[in-house]
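Trainee: I would like to learn how to read a structure like this one. Can we go feature by feature?

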Amino acid sequence: GSHFLRYFYTAVSRPGPGVPAFTAVGYLDDQQFVRFDSNRQKVEGLTTWIQGGQGPDYWEQQNQELRGTQQIFLQNLQVALSYYNQSEGGYHSYQEMYGCELRTDGSTGKAYDRYGYDGQDYITLDLDTLTWTAANPEAQYTKRKWEANKKKLELEKAYLQGQCVYWISEYLKLGGDSLNRTEPPSVRVTRHPSQDEDNVTLRCQALGFYPADIRMRWQRDGEDLTRDTEHVETRPGGDGTFQKWTAVVGVSHGQEQRYVCVVDHDGLANPLAVGWVSDLSPRKAVIMGALATVLIVTAVLAGVVILRKRRPGEQQSYYIPAASE
């Protein structure tokens, strides 16, 4: 029952082929719809609804905002190198992730803004107290500087709780049915040998589903397994859908039929229980039946309430104000 607008910024100290010095990407729900990088120096629309839904002024303002953010981000990376007492010769990254939520009933959910350095947490904004939480001693320098700029903190709060939510509603009008679609997963279970000759591994793969949220778990004799399982994060499939897998390890030979993979997704009328079948065709999964009788109803957007009307002559910012070290 919610829609999300999220942005990811990344600056790297050693750009190269296919790795720009600065990259920004925007997602509406699970669709990447805009991209900017330091090589092209312009925002690229990645969906048909954003490409045809905005005029030249929209793209020009986008370019101006992200070019400015790019400069600040590259400067912040250099400052972070000095905080960590690191040289420019190594590979280092400085990242920001922020976003907001609009529920289908018109209310707002959790908004956030957090930074990372070299893949680890660096500093996170607490919107309730308008303070920054430093993840390590090096981030304390940034915390003190950013908290001293009260006006900047107020601007960030106004963006995350106002303008960000406004753009969700505007983009939903453009995206329409493409953002509310559901595509069910194709599920199969395969059997793999393990280093221990007495045991095997069963792997459950879910492919071709949208949206990205999916629930997968293993059961043995009808009971959920909490141990001896492995999972990977949901990842893009390259065609606008997603994929994920989970495995159960240490399964004794001949005991495979005791295990089923339970898959639940908004594209399915009911959750599925899928097991490995050895006597039909190799590595073929069989749907063993529905586990639940309650229909999962996918929330359909039936008219989004615009929380913040644009006043005559008012310019809406597309991105959060960049914070300078």
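**Disulfides, sheet and helix packing**

Mentor: Start with a link: Cys-204 and Cys-261 form a disulfide, S to S 2.1 Å. The term covers a pair of cysteine sulfur atoms within 2.5 Å. Two notes before we go on. This is a predicted model, where local features need pLDDT of at least 70, side-chain atom pairs count only at pLDDT 80 or more, and totals for chains, interfaces and linings use all residues. Residues are numbered from 1 along each chain as its sequence is written, and side-chain values use heavy atoms, with hydrogens and water left out.

Trainee: Which parts does the link of Cys-204 and Cys-261 tie together?

Mentor: Helices (H or I, at least four residues) and strands (E, at least two) are DSSP runs, numbered from the N terminus. Cys-204 sits in strand E10 (residues 199–209) and Cys-261 in strand E16 (residues 259–264), so the bond ties parts 57 residues apart in sequence. The link of Cys-204 and Cys-261 is left-handed, with -75° about the S-S bond.

Trainee: Are Cys-204 and Cys-261 buried or exposed?

Mentor: Buried means under 20% relative accessible area, exposed over 50%, and partly exposed in between (1.4 Å probe, protein chains only). Both Cys-204 and Cys-261 are buried.

Trainee: How many disulfides are there?

Mentor: In general, a disulfide is a covalent bond between the sulfur atoms of two cysteines. Here the count is two. Cys-100 is joined to Cys-164, S to S 2.0 Å. Cys-100 lies in strand E5 (residues 93–103) and Cys-164 in helix H4 (residues 150–175), distant parts of the chain, 64 residues apart. That link is left-handed too, at -90° about the S-S bond. Cys-100 counts as buried because its relative accessibility is 2%. Cys-164 counts as buried at 0%. Number the bonded cysteines in sequence order, and the pairing is 1-2, 3-4.

Trainee: What is the strand order in the open sheet of eight strands?

Mentor: Strands pair if DSSP finds at least two bridges between them. The order is E4-E3-E2-E1-E5-E6-E7-E8, with antiparallel pairing. Strand E4 (44–45) and strand E8 (131–134) are the edges; each has a single partner strand, so one side of each lacks a neighbour in the sheet. Leu-5 has Leu-28 in E2 as its bridge partner.

Trainee: Which strands does helix H3 touch?

Mentor: Contact means heavy atoms within 4.5 Å. Axes are lines fitted to C-alpha atoms, for helices over the stretch in contact, and angles run from 0 to 180 degrees between N-to-C directions. H3 (residues 139–147) packs on the sheet and touches E5, strand E6 (112–117), strand E7 (120–126) and E8. The directions of H3 and E8 make about 180°. H4 packs on the sheet as well, touching E1, E2, strand E3 (31–37), E5, E6, E7 and E8. The direction of H4 makes about 60° with that of E5.

Trainee: Which residues of H3 are buried?

Mentor: They are Ala-139, Thr-142, Trp-146 and Glu-147. Down the axis of H3 they fall within an arc of 115°, so they line one face of the helix. The arc is taken over directions from the helix axis to the C-beta atoms. Their cover includes helix H2 (56–83), E5, E6, E7, E8 and H4.

Trainee: How many helices and strands does the protein have?

Mentor: Five helices and 18 strands. Buried residues make up 43% of the 325 residues.
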